[in-house]
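Here is a quick look at a single model, going from overall form to individual side chains. Have the viewer open as you read.

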Amino acid sequence: MEVEQYRREREVEFQSKQQAAMGSQGNLSAEVEQATRRQVQGMQSSQQKHRERVLAQLLGMVCDVRPQVHPNYRIAA
């Protein structure tokens with residue numbers, strides 16, 4: 001009977017410690033998830049904000065081709 005009571009006490013103690021540890025992990029994962037969402041939203045808003053300027057730069061570089069002879073090019077004799 002004493003052994004059974006001791007086992008129950010230890011089981012209750014274990015359950016409380018496990019619940020405390022799992023509760024803190026749940027909070028931590030929620031905080032990490034929230035921080036990740038904020039970062040993704042920041043990146044998306046930055047992308048929307050700078051999209052036109054980046055596209056204009058990219059198209060300017062691609063469409064403005066100036067053919068030139070490379071400085072290291074040598075005509076073979």
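What follows covers the fold, the surface and the salt bridges.

## Ground rules

This is a predicted model, so local features need pLDDT of at least 70 and side-chain atom pairs count only at pLDDT 80 or more, while totals for chains, interfaces and linings use all residues. Residues are numbered from 1 along each chain as its sequence is written, and side-chain values use heavy atoms, with hydrogens and water left out.

## Overall form

The secondary structure is quick to describe: one helix and zero strands. (Helices are DSSP runs of H or I of at least four residues, strands are E runs of at least two, and both are numbered from the N terminus.) Helix α1 takes in residues 2–63.

The radius of gyration is 32 Å, whereas a compact globule of 77 residues would come in near 11 Å. That value is taken over C-alpha atoms, and the globule rule is 2.2 Å times the number of residues to the power 0.38. Along the principal axes, the C-alpha atoms fill a box of roughly 105 × 40 × 10 Å.

## Surface

How many of the 77 residues count as buried? The share is 0%, where buried means under 20% relative accessible area, exposed means over 50% and partly exposed lies in between (1.4 Å probe, protein chains only). The protein exposes about 8000 Å², with carbon and sulfur atoms supplying 57% of it; areas come from the Shrake-Rupley method.

L55, L58, M61 and V62 make a nonpolar surface patch of about 410 Å². To join such a patch, nonpolar side chains (Val, Leu, Ile, Met, Phe, Trp, Tyr) need over 30% relative accessible area, no salt bridge and a partner within 5 Å. M61 sits in helix α1 and counts as exposed because its relative accessibility is 65%.

## Salt bridges

The structure holds six salt bridges, each a side-chain nitrogen of Lys or Arg within 4 Å of a carboxyl oxygen of Asp or Glu. One of them pairs R8 with E4, the closest N and O atoms being 3.9 Å apart. Both residues lie in helix α1, four residues apart, about one turn, and E4, R7 and R8 are linked in a network of salt bridges.

E13 and K17 repeat the theme: they are also four residues apart in helix α1, with their closest N and O atoms at 3.4 Å. K17 counts as exposed at 54% relative accessibility, but E13 is partly exposed at 33%. Another bridge joins R66 to D64 at 3.2 Å; R66 is exposed at 61% and D64 partly exposed at 46%.

How values were computed
Patch = residues over 30% accessible without salt bridge, like charges linked within 9 Å, V, L, I, M, F, W, Y side chains within 5 Å. Areas by Shrake-Rupley, 256 points an atom, 1.4 Å probe, with all protein chains shown as cover.
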